Structure formats: C-alpha cells, structure tokens
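This briefing sets out selected features of the structure shown below. The points are grouped by topic, beginning with the contact between chains.

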Amino acid sequence: MSGWQQEFIRNFSIIAHIDHGKSTLADRFIQLCGGLEEREMQAQVLDSMDLERERGITIKAQSVALNFRARDGRTYRLNMIDTPGHVDFSYEVSRSLTACEGALLVVDVSQGVQAQTVANCYTAAELNLEILPVLNKIDLPAADPERAIREIEDIIGIHARDAIRASAKTGVGVPEILEAIVARIPPPRGDAEAPLKALIIDSWFDNYLGTVSLVRVIDGRLAPRDKIRLMATARDYAVEQIGIFTPKRKQVDVLSAGEVGYIVAGIKDVRSARVGDTITHAHRPAPTALAGFKEIKPRVFAGLYPVESSDYDAFRDALEKLSLNDASLQYEPETSQALGFGFRCGFLGMLHMEIIQERLEREYGLNLITTAPTVVYEVATNKGDVLRIENPAKLPEPNHIAEIREPIIRATILVPQEYVGGVIGLCVEKRGIQKDMLYHGRQAMLTYELPLNEVVLDFFDRLKSVSRGYASLDYDFLEFRASDVCKLDVLINGDKVDALSVIVHRQQTDYRGRELVKKLRELIPRQMFDVAIQAAIGSKIIARETVKALRKNVTAKCYGGDITRKRKLLERQKEGKKRMKQLGSVEIPQEAFLAVLKVDNTK
Amino acid sequence: MPIEPPPLSLYIHLPWCVRKCPYCDFNSHAAEDEVPERRYVEAVLRDLALDAPLAEGRTVETLFLGGGTPSLFSPESVARLLDGVRALVPLASGAEITLEANPGTVELGRFRGFRDAGVNRLSIGVQSFDDDKLKALGRIHGRAEALAAAGAARTAGFDNFNLDLMYGLPGQSVEQARVDIVTAIALQPTHISAYQLTLEPNTLFHQHPPTLPDDDVIGAMQDVLVDELQRRGYRQYEVSAYAQDGHQCRHNRNYWEFGDYLGIGAGAHGKLSRAEGVMRVAKARHPDAFLRTAGTAAARASIRFPSRSDLIFEFMLNALRLHDGFPAALFSQRTGLGLRDIEVPLRAARGKGLLTLDADVIRPTALGRRFLNDLVALFLPSDQSQ
C-alpha cells in the first residue's frame, strides 16, 4: 500500500478563458480514460453547481483522478485539477496551479488569447509549470490557428508551433493531448519518506462528511487515522477518510507524495481548512509550511437586507449555510435607518457578490435589497487611528479625518488594437494611471493602476461596451493609496437615506450627484405626493430632481357586478408595492438602491 | 349585530350587442343571427321566479335593464319582460326603471315603445361625439346618431336620461374632451357618466393597446370635465357620475350604498342580505348556458358568502366611491359590524389624509378621491389587521 509511484503520475490544470472549451475537454478526458460509464456522463461533470453550469464558470476547484493507458503500454495516473475561472478567484487559481507540474493552455482558435488566460499562464510560468498549448475548436469555420499561435507566442511568450490542434467537441486531437501530458509534463518529485507536506487546494462542506479538502501531497504519505496538523492554525485533527474522485468518490488507503485526493478529518468548517494551508503530521511535523499561503480578504462589500423584516432569521441561516462552503464570504449584522436589519457582506469581487445574491434568492427563496457595492477604505483619523470603512454611511465626519486611502489594483487589459483608444479613454475616466502598453500583433496589452472603487461600479460593462466585447481584464490588488474622496449622500423628501450614500472622488461629486438623482428619478415611481430627491456633500445640496405626483389611481367603473376582479386588481397593485421599501411616506423600489451602478457615464 | 334589510334593486342583463367593442369587458356577445328575444325573456322570467323568494317580500325600488345592448330588444319583448317582472315581485310605484340604449340601434318608434312598456329612464351610450374617436372605439354609431339618439329620447317623452361619455381616448386632446362634454351638456340630459377609458384584461384593446394620452393629459381632461359639468349644474356624486339635482341614478346609488339587488339574466350578479349574512349569487355567464339552465338552481353558477373581512372590503370598495362619503352608521347597517372592526385601516387612511370621519360621516378627502384605489386597498382583508 504505497500509492502510485511518482514516475507514473502527472498533475495538470487546464487554463482557458470562459467558453474556450475547458469543460468539454475535461469531459472527453474522463470518457477516454473510462472514469464514467456513458450513461453517467452528465454533460460537463466538472462544473457541478447549477449556477456554475449556467454561467459556464467554475467556482470551486474539483479534481479527477484518471487512469490513462498510454501508447508506451503503461498506465498513468493523470490528476486533472480544475481551476476557478474568474478574476475574483485569482488566489484560488494560483493554489490549484501550485499543485500541478504542468498546465494545458486551451485557446479557442476562433477568438484568440484573452486576458484571463494570460494572467493564469503567467502564474503558471512563475510556478515553473510546463505549459502545453492546445488549439481548440479547430473544426469551426472561423478558426484561425495561425493567429492563435502568433498570439500565444507574442503575448504569453511560449513556443506554440507544435501546439496540439484539437476539437473537444468532435474528439479530434484529444488522445494526442493525453499522450503529450504523459510525454511532456514532468512527474512529481516529492520525497515520500520526508515529513508530510500536503497543500490544501480547496475545501468545501459536505452534509454527510463535514469539511472535505482537496489536497496535493508534496512530500510524505497520508493515511486514515493519521494525526494531522494544519500549519496556519496549528490545530490537530484525526484523519477519518482519504480518497480520490474518479470522478466518483472512492476511498483509498494511502495518498503518497505526488498524489492528489481528498481528506476528511472532522474539521468543523471550511474556514479551518483554508485554501493554501499546509497539512503535516502532528507527531512528525514538517519544519516549514509550503510557501504562498495567504489570508484571503474580501474586497467588495454591500449591505443585504430582507425586504420583509420577518425574513431576517431565514436570511441569517442562509448566510450561515452558504459560508459553510465559502470561506471568503464574510457577513456581519448591520442596521440601516432606511432598510432595517440586515448584513454587511464581504465578497472577493463583483462576480462573487452576484453569485451569492443569486443563490440566496434562488436557493433560499429570499427577497433581498442590495445596497450599492463599495470597497474598503482605510481612514486615518486625526487621533492617529486607522479605521477600515466597509460602509459609506460609517465614514467619520470630515473634520475627524486625516487621510482616506482607497484600494488600488493593477489591471491587465488585453484588447484588439482598434479598441485601444476607447479603453484608454475609459481608464482615464476611471482615474487610471497607465503603467505599460505593449502591442502583440493584433492585440494590445494595457497595464493600468486603477482605483478598485471605479472598477466595482461599472467597469466590466463599460469595458465590454467600448471594445464590443473583445477586451478582457485581469487584476491584482496592489495597495491602499491616499485619495481625495468624500461621501455623497442622498436625501429623499429632506431625509438622508443612509443606504444610498456612496463614496466618490471629489472631482466627480457634481457629476455623480447629478446623474445619481436623475437615475433615482427614473427608478422611483410616481406616487401620491411629489418626491424630492437631492444629492448632498455634507450640508451642501449639489443636485435635485423631483418625481412628480401621480394624478390619480382610480377605477373608473364599479357597479354591482364581479367584485373579485376589482379586488384582484387592488391586490396586484398592493403586491407591487410590497416589493418596495417604505421610507416615510415614500415607496422606493429595490433597484433604486443599486442606482449608483446604473448611472450612465457616457456623457 | 343583525343586518337590517337594505333597499332592494333588480338588475336584468340582456347580453347581446350588434358587435363587441374592443374596450368592453362586460358580459356581452355579438349577436350572430337573430337574437332569441322570446326565449330569453322567458328564461329571464324563470330565473326571476327562482330568485324572487330571496327578496323576502321587499319591494323592488329600482330596475335596470343593462347589457349588452338592451335596446336591441323590441319594445314588445321589453313590455313582456316588465309585465312578467311585475307579476313576480312587488315593484314600487315610483320605481326607477332604466334601459341602456346604443345610439346605433335607436329610432323614435322604439323609444316610444320602451316608454309605453314602463321604462322611465334611458342610459344612452354615446361615448363621444367625435366620428374619428367613435371609430377608434369600434362603435357602430357616429356623431349624427349620437345627437339624434338624445333628441329621440326627449321626443319620446324621456325627460330623465343619461349620456355615457368616455375620455382619455386614443389621440384625444384636452380640448377634444372638452368639446365632447360641452356637446353632451347642451343636450341637457339629467345625468352624465364620464368614464376614463381603461384597458381591461380580456379585451381586444388589452391585447393590442392603442396609444392613450399620458397621465397628465388625462388628469387635465378630468379637471376640465368636472369644471364644465359643475358650472352647468351637474354635481359629481361618484367617481364617474354627475347629475342634476334630484336625478342621481337611484339604481347605481343603491350599489354604492351597499344595498341589495337581485341579478337576473346571463352572468348577472346579485347581492342579498339574509339573517345568516350576505350572500352573493352569479348566474351562468354564457347566454346559451343561461338559456339552458334558467329557472333551475344550475343557473346559479356561484354562490358566495363573504367573510367579515371580505364584507368590510366590499363595502368600502363601493361606498368610498361616493363623492360625499356616507354616514358611519351605514357601515353597521349594511355589514352588521362596528366601526371598531375597521379601526386600524380607518386610522391608517386618516393618517395618510385619504379620508375624514366627522359628524358621523366617513368621507374621502380630495386626495382620497384621486387615489381611491390606494384608499380602498387599505381595507383589503390582508391589511385590515396590520
């Protein structure tokens, strides 16, 4: 019982842009290696969450252990480790890649190289992974393999002349890919006799098993009943079960250096088994942990409130359940004068936020109001404290503030040349500082430092629109940097609505204030009275709009006839109002709280 | 508290029209061949014979022949119908007997015949005096017929008649709406009903909506209408109803005061207060179904006994339509409930400035009249206790 010999193991990931065919290719591998019977091949096995499948992206990393009989007549264990496919999850990507010796770079030959792919490839290259380029979708009429090859060579900087041409859809070239994995990706070179070092690639919560962690054993051996220690928290656990996914879960007796599998060890929640942490033996600990472990911090925050205050408990339970499986989701109770009791939730980014929101509404049937997302600001007070402000309404009075620092990201944007002008214009508008601009054939690669706040607002949508959908973006957090920002408040009929406050750059206050009240005027329906909407900085009103009162709401005819129909009409009207929040005598629809996101910046 | 027997009215539905108008959501059917007048009159009388005991000996104060287009029926049929009614239920000596007439189906002789049959009030559905607008509404008559109908009514001896008008018509300007109302006033009806055109579900207009004037234009039209009507002696007493002194429609007023009524004929609805509470009856909707079942219990397509909370809503839905409100005591008389049963919504409505309660009169405010749906919605069953 010594597990697989390392020379027969190949660990690899697939790097691909959304829709470039990663999942289809993975399915083909599983099929070719006999991982599942034909009838078990549910389309795209790897993306298991419904939402993931709908959006074509992967949120949780998964892995499949495949047995591949190569042309040399020998059987190899191929561990395919899935990587999350979105900028919000770049840390997770780097941990998945760390667990591999090689990666397939899959490029859709009808579309070429995208920023996401570039960023992940750079990460893979930094980790010294062997990168095998694969030109996918060569069966498409729009396929331009020569262009894709040039782009891979120019932008990513690896040889692509001998890239494998394949079509995951038809199966062409797929066996060649598997052969290349065996031939070109080096086997792991761990020391099975050394003290145990296993990397946590991902953790999730299973209702029957508790916390399950996907691990890559670097050195040593892992077996059931071992006493293990998680090095980041220095807590010890007893291993209950280890195994692999074929993709079906299958218990094994040992996971040796070089192998990938799962571990169940009575760990209470996913927060205790953090991605990137090192597992070692309690009785014979490794002297040092694996490098690269980071505490992941949410960067984007929003207030989430149940529309019906009676849903509060159900909402809290739902957040608790979701966070069981999502260590990066943070939530803390918060009270808003306007919206009542809710939670301030922290997310890795906008996509993460959208996914959580959607799951809360879809899986838990909650009707929620979300406030505009905001980033974390560091506020240095006159007293010398540094506060982390996750909610604009909590920004201290200006006279207590020495300095406000906002998060800055380094953004890499890949865009066809003809759209470079538009992208630069957008970055300038978003207070970006250009750091680099390189041309690679048809494509340009722009590097900008951008305030995350601006990116959170509507950057993705705008980027897509100025580039007709061709630009792609990747980013990393850089630093907190002093900035002249201030709080923009919104008053409705003279009352400040805390949930509508936003933090904006001083140069943009007039413009944003004006646009925000204009948008609110469109979103707030006419009601019995005029509704005055004002934007204010401190006590200074900078913009005002009025939603004029409705003329009337009357049923013209009502005689002795069918009363149930009139009643239904009134009940429908009332139902419509239920989805609105009553602020004083004013009814505000849920969308209004996200108005700041919908402000049209195309002047 | 037992409900005192309220005044009793009788509604008789005559469901056929020459053709169906695209805005109409009433139970009306295009008459394909000959309207089966004789069979229908007999069926109606059988239906009334079945319901008559529900009147519990009360006198019928008002009778309304509605439709559809009742004026499609011959004066002879109407005479037979009214004679039959008199034989089945006690009709008050001064009873208001109204018949709905469509200008496209009238001639002087017919009106005289209706008069002789005992009809003493006409309601003429002119809708507009503008040929283009009438066309847009799918009406079978034009301006000339509309004017002629009013003249014929008067010549036939109907001093008491109503003109139905609509405003907010496709492409209508405020001035056009004003001309319509002034034209109507010049014909000196005792009563004018001015309805805003609304797109009702299950109508052609709902499926293919015409472009209607915007809210503000319609609001302005209403202001102009009310102004013209008030100045010429037509006082508004309900959302869409205006009358000269002493000529409010007693039949409709009985609905709004939550009185009782027998509903006879295809799809007719009746409401009766009985010892055990209020009962609502609806008749088989389709003319064929009604003809088949009239006189048997099967003609009663539904019988409903509204709960206390239903009753509160239904009372308010009607009574709050009255421009000057109603005596608080009427609520108890009609529902058997006390004001304390509506304390919560009453307080909410007063708080929002939608109604007043003083000198024992509950009255919608000007704001309440403009936002009557919002006011009435406060009395929806789910809201009463919140």
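**Interface and packing in a predicted model**

In this predicted model, 28 residues of chain A are in contact with 42 residues of chain B. On the chain A side, A:M528, A:R551 and A:Y559 lose the most area to chain B, together accounting for 22% of what that side buries. The size of an interface is often given as the accessible area lost when the parts come together; for chain A and chain B the buried area is about 3400 Å², with 53% of it on carbon and sulfur atoms.

**Polar and charged pairs between the chains**

- Between chain A and chain B, 21 residue pairs are in polar contact, counting pairs with both residues at pLDDT 80 or more.
- The side of chain A that touches chain B comprises 10 nonpolar, 7 polar and 11 charged residues.
- Side chains of opposite charge can pair when their charged atoms come close.
- The interface of chain A and chain B holds 5 salt bridges by the rule applied.
- A salt bridge joins the side chains of A:R565 and B:D25, with an N to O distance of 2.4 Å.

**Helix packing across the interface**

- Two packed helices are described by the angle between their axes and the distance between the axes.
- From helix 12 of chain A, the residues A:I563, A:K566, A:R567 and A:L570 meet B:D310, B:F313, B:E314, B:L317 and B:N318 of helix 11 of chain B.
- The contact of helix 12 of chain A with helix 11 of chain B is made up of 4 nonpolar, 1 polar and 4 charged residues.

**Helix packing within chain A**

- Helix 1 (residues 22–32) and helix 6 (residues 174–184) of chain A pack with their axes 10 Å apart, at an angle of about 80°.
- Helix 1 and helix 6 of chain A are therefore roughly perpendicular to each other.
- Helix 1 of chain A contributes A:L25, A:R28, A:F29 and A:L32 to this contact, and helix 6 of chain A contributes A:V174, A:P175, A:I177 and A:L178.
- The residues of this contact between helix 1 and helix 6 of chain A divide into 7 nonpolar and 1 charged, with no polar residue.

**Salt bridges over all chains**

- Over all chains, the structure holds 56 salt bridges.
- Among them is the pair A:E101 and A:R216, whose side chains meet at 2.8 Å, N to O.
- A:E101 lies in the loop between helix 3 (90–98) and strand 4 (102–108) of chain A, and A:R216 lies in strand 8 (residues 210–219) of chain A, so the pair ties together parts that are 115 residues apart in sequence.

**Backbone features**

- Most residues other than glycine have a negative phi, and most peptide bonds are trans.
- The peptide bond joining B:G67 and B:G68 is cis, with omega about 20°.
- B:G68 is found in the loop between strand 4 (60–67) and helix 2 (75–88) of chain B.
- A:R431, a residue other than glycine, has a positive phi near 65°.
- The loop between helix 9 (420–429) and strand 25 (433–440) of chain A contains A:R431.

Technical notes
Residues are numbered from 1 along each chain as its sequence is written. Chains are lettered from A and ligands numbered from 1 in the order in which they are written. This is a predicted model: local features need pLDDT of at least 70, side-chain atom pairs count only at pLDDT 80 or more; totals for chains, interfaces and linings use all residues. Side-chain values use heavy atoms; hydrogens and water are left out. Contact means heavy atoms within 4.5 Å. Buried area is the accessible area (1.4 Å probe) that two parts lose on being put together, summed over both. A salt bridge is a side-chain nitrogen of Lys or Arg within 4 Å of a carboxyl oxygen of Asp or Glu. A polar contact is a pair of N or O atoms within 3.5 Å; within protein, one must be able to donate a hydrogen and the other to accept it, and residues adjacent in sequence count only if both atoms are side-chain atoms. Ala, Val, Leu, Ile, Met, Phe, Trp, Tyr, Cys and Pro count as nonpolar, Asp, Glu, Lys and Arg as charged, and the others, Gly among them, as polar. Axes are lines fitted to C-alpha atoms, for helices over the stretch in contact, and angles run from 0 to 180 degrees between N-to-C directions. Helices (H or I, at least four residues) and strands (E, at least two) are DSSP runs, numbered from the N terminus. Angles under 35 degrees count as roughly parallel, over 145 as roughly antiparallel, 65 to 115 as roughly perpendicular and the rest as oblique.
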